[in-house]
Every structure is written in C-alpha cells, then in structure tokens.
Amino acid sequence: MKKPVVLVTRKLPKVTENRMQNLFNVRLNTSDRVMSFEEIIKRSEGASVVVPTVTDEINAGLVSALPSTVEIIANFGAGVNHIDLAATTQRNICVTNTPDVLTEDTADLTIALMLAAARRLPEGCQIVKEKLWGGWAPTFLLGTSLTNKKLGIIGLGKIGYAVAVRARCFGMQIYYHNRKPVSEFIMAKLDATYWPSLNKMLAEVDFLSINCPQTTETHHLLDAERLGKLQKHAIVINSARGGIIDEAELAERLEKGEIAAAGLDVFENEPEINEKLFNLKNVVLAPHLGSATNESRVAMGARVIENIISFVSGQVPKDKIY
Ligand code: 8YV
C-alpha cells in the first residue's frame, strides 16, 4: 500500500503521532498553533487525508478550496458541527469521527460539573486558596443535594446514557428528551421518563444536562423562551456544544438569579466566553475538557488511524458519517 499523505492540523498525543509517522506520509503540526484557512489549504496540497479537530472551521468555503487530492476528512473528535457536511458531500469527501472512545470520560466530566456547581466547589476552593476561610460554620457555603433530584437529559444517546447511569448512582431520577424514545430496555434500566415535549420537561427538572449534538436544529435549542421555562433552582450543565444554548441569555438569567447555577465545559465562540460569566459565582467554567484524558485522546487517535487505513484500503470506515 502506498503511504497516504495525511495533514494533521493540531498536535496529537505522541503515540498517535508516532504511529502516524510509521504508517503514513504525515504532515504534523508541531507548534500546535491553530492553522488559518490559507494554511490548511496550502498544507493539504497533494494530501488525500485531512485530520482536523473542533478548533478548525471546515466551512463550505474551505471545503471548496481544498485541493482535489483530498478524499477524506478524518476528524479527531466525535462532534462534527465544525464541518460543513453538505459541502463535503457535494465534493464527495468522506467524513469520519471518533465516537464511543470518549463516552465515559465525557460523562465523568459532566457529573464533575454537576457536583461542582451543586456543591459550590470552585467557590469553596477559592476561599481556601485566598486564605479567607475562617473555619466550619453551620450555614457556610450551603449547596444542593443531587439525591432524589430530577435530572433532565437533552439527548439520551451514548454520552447522555453514560451520564444517566452515573446519575442513577447518585440517586437521581432520570427525565429525558429525544426526538424518539429510547428502547424499553434502556428506559427500564434507567427507570427513565420520556418527555416528547422539551418545554414541558424543562419546567419540571432540578438539573438539566445537554448531551445532544449541535446541528442546525439544535442551535440555540435553549433560547430565551426555553430558558425561561426552567425553575429558579435549576442547575444547567453543558458538556456538548456551546451553541446549543443562547450563551448571552443564559448569562443574564444566571446573573438575575432566574436560574440557580451552571456548569459549562463548552461555549458558543470558543475560546471566547461571554464576559458576564466570568464574574458570576454560581457558574463553573471549564475549558472544553470533556474528553481530556490520556486514555480518551490516545483512543481517539487510534480511531482516526483505523478510519484512515480502512478508507485507503478501499473499505467503508467504521465511523463514516458521510
Ligand atoms: C474533543 C469533543 O476533544 O469529541 C468531541 O466532540 O467535544 C471533544 O471532547 C474535540 O472535539 C476534539 O476535536
């Protein structure tokens, strides 16, 4: 097999890069700087594979400007909202992603945000680190229990399910909204309640976890009107994609105390974050860490390699999206 020319847009785990160097004629990004539109086009000259990440905006303009040699975009990551799939389909470019391998770690991070927001962990840490803690007190920094609370999950897919399994261990009751209900088996396993109406579910939950992909249909799914349906004590967690929530509206409601707290790992215009959120004590902010473990990132790299090998050997890659 002739080694395919592969452009990788960001620095990947060392083991992934080493394997790629053995298997492919690979162009790595040792500086890890985000490449410009022009750089991606220039550096993919003669390449048949491009390996982007969530930080690359693979829009219609870029897809149409890619050299004709490019046959597959093997994304390092599960979400593909940064890739214009209509444009890749039109150009007959195959797109793959890396599902499954980051499910458990992303669910862990979701629960970490839930606990941190509910138990006011960052606020407490800050007080201790600033040497402002005066000792235990009966009414100091009281948070909210997870036990017996209603968790609404938007998107009970792989990650949503893994979040639900963990949440059950915390004694939470599972509500979910999907386009269609999940199987009876999963419903029974989670003792979950399906809400065909998102609006109705929002009015009932104590915690809300966003776990659906960002698509044209889910962009600003939580707009002003829907955020307004949440109860005052509700805690919102987002480890999916920032654009699913109207960030400015969320910030305003958190500031006014119309929503109790939020735990956010993703933002509408990363790495930009709505200024208001920085000053709010009831918000836990994380820098897109969902899959940020050595294990997940190495497994994601392996999945990218597997998809490329299948494609270049004429098979349909396991994770082909389009
Ligand atoms: C990835 C993610 O790290 O896989 C995803 O969709 O959101 C992250 O966990 C990121 O996408 C890397 O491209």
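The model is predicted, so local features need pLDDT of at least 70 and side-chain atom pairs count only at pLDDT 80 or more, while totals for chains, interfaces and linings use all residues. Residues are numbered from 1 along each chain as its sequence is written, and side-chain values use heavy atoms, with hydrogens and water left out.

The protein holds 13 helices and twelve strands. These elements are DSSP runs numbered from the N terminus: helices are H or I with at least four residues, strands are E with at least two. The radius of gyration, taken over C-alpha atoms, is 21 Å. The C-alpha trace spans about 70 × 50 × 30 Å along its principal axes.

Of the 322 residues, 47% are buried. Buried means under 20% relative accessible area, exposed means over 50%, and partly exposed lies in between (1.4 Å probe, protein chains only). The accessible surface comes to about 15900 Å². Carbon and sulfur atoms own 53% of that surface. Areas come from the Shrake-Rupley method with a 1.4 Å probe; for residues, only the protein chains shown count as cover. Contact means heavy atoms within 4.5 Å. Among contacts with a separation of 6 or more, 61% join residues 24 or more positions apart.

Helix 5 covers residues 103-118. Its 16 residues should span 22 Å at 1.5 Å a residue, and its end C-alpha atoms are 23 Å apart, which agrees. The expected span is 1.5 Å times one less than the number of residues. Twelve of the 16 residues are buried, so helix 5 is largely enclosed by the rest of the structure. Among the buried residues are T103, D105, L109, I111, L113 and M114. E104 is partly exposed, at 44% relative accessible area. Just after helix 5, R120 takes a positive phi of about 55°.

Just after helix 13, G314 takes a positive phi of about 85°.

Side chains of opposite charge can pair when their charged atoms come close. A salt bridge is a side-chain nitrogen of Lys or Arg within 4 Å of a carboxyl oxygen of Asp or Glu. The count is 15 by this rule. In one of them, the side chains of R166 and E104 meet at 3.0 Å, N to O. R166 lies in helix 7 (residues 158-169) and E104 in helix 5, so this pair ties together parts that are 62 residues apart in sequence. R166 counts as buried at 18% relative accessibility. Another salt bridge joins R120 and E123, also with an N to O distance of 3.0 Å. R120 is partly exposed at 28%, whereas E123 is buried at 16%.

D319 forms a salt bridge with R303, with the closest N and O atoms 2.7 Å apart. This pair links distant parts of the chain, the segment after helix 13 and helix 13 itself, 16 residues apart. Both partners, D319 and R303, are buried. Salt bridges that share partners join D100, K158, R303 and D319 into one network. The side chain of D319 also makes a polar contact with the side chain of N307, at 3.0 Å. A polar contact is a pair of N or O atoms within 3.5 Å; within protein, one must be able to donate a hydrogen and the other to accept it, and residues adjacent in sequence count only if both atoms are side-chain atoms. Neighbours within four places in sequence aside, D319 is in contact with V95, T96, N97, P99, R303 and N307.

N199 sits in helix 9 (residues 198-202). At 25% relative accessibility, N199 is partly exposed. Leaving aside neighbours within four places in sequence, N199 is in contact with R226 and K229.

Notes: The radius of gyration is taken over C-alpha atoms; the globule rule is 2.2 Å times the number of residues to the power 0.38.
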